[in-house]
Amino acid sequence: MDQFDRMLAKYQPMALSLFRFITGLLLFQFGVAKILKFPVIPDGNAYAFLNKVQLMSLSGAAGAIELILGALLLLGLFTRPVAFILAGEMAFAYFMGHAPRNFFPLINGGTLAIAFCFACLYLSTAGGGPISLDAMMRKKS
């Protein structure tokens with residue numbers, strides 16, 4: 001097992017960059033859906049409510065955060081503070097929007113918010129990885 005661990009460990013930095021990129025992309029898509037109303041989500045879909053978000057509402061503010069900070073996370077720019085803010089936003093979304101519906105995340109629809117919260121919390125401690133604007137800026141200085 002030690003050899004297997006060593007083999008996979010060499011890919012850890014790249015996996016971190018990929019994890020950051022995908023997490024940012026997924027959060028960014030929620031921001032685009034809430035703010036720019038794209039793509040149009042058909043009624044009956046679990047995410048159809050995203051088409052009805054008003055900009056000057058709590059969900060609209062969340063959409064703006066997801067759009068802007070999701071893009072920064074996607075690029076790996078200011079990864080640690082951005083991810084920390086996004087982790088807080090996801091915790092807030094869970095406790096304000098999901099937890100009051102039911103105790104169990106599977107029933108209250110909050111599973112994704114919890115996953116994003118802890119993914120961003122991890123990224124706030126791990127950083128953006130070697131393929132990020134943060135890493136490029138470090139190399140220049």
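**Salt bridges in the chain**

Reply: Lysine 52 counts as exposed, at 55% relative accessibility. In this predicted model, the side chain of lysine 52 meets that of aspartate 43 in a salt bridge, with 3.5 Å from N to O. Aspartate 43 is exposed as well, its relative accessible area being 64%. The count for the chain comes to 3 salt bridges.

Another of them joins aspartate 2 and arginine 6, whose closest N and O atoms are 2.6 Å apart. Aspartate 2 has 52% relative accessibility, so it counts as exposed. Arginine 6 is exposed too, with a relative accessible area of 51%.

There is also a salt bridge between glutamate 66 and lysine 34, with the closest N and O atoms 3.0 Å apart. This pair links distant parts of the chain, 32 residues apart: glutamate 66 belongs to helix α3 (residues 58-75) and lysine 34 to helix α2 (residues 12-36). Glutamate 66 has a relative accessible area of 4%, so it is buried. Lysine 34 counts as buried at 10% relative accessibility, because the cut-off for buried is under 20%.

As for the setting, the chain has 7 helices and 0 strands. Buried residues make up 35% of its 141 residues.

Terms used. Residues are numbered from 1 along each chain as its sequence is written. This is a predicted model: local features need pLDDT of at least 70, side-chain atom pairs count only at pLDDT 80 or more; totals for chains, interfaces and linings use all residues. Side-chain values use heavy atoms; hydrogens and water are left out. Helices (H or I, at least four residues) and strands (E, at least two) are DSSP runs, numbered from the N terminus. Buried means under 20% relative accessible area, exposed over 50%, partly exposed in between (1.4 Å probe, protein chains only). A salt bridge is a side-chain nitrogen of Lys or Arg within 4 Å of a carboxyl oxygen of Asp or Glu.
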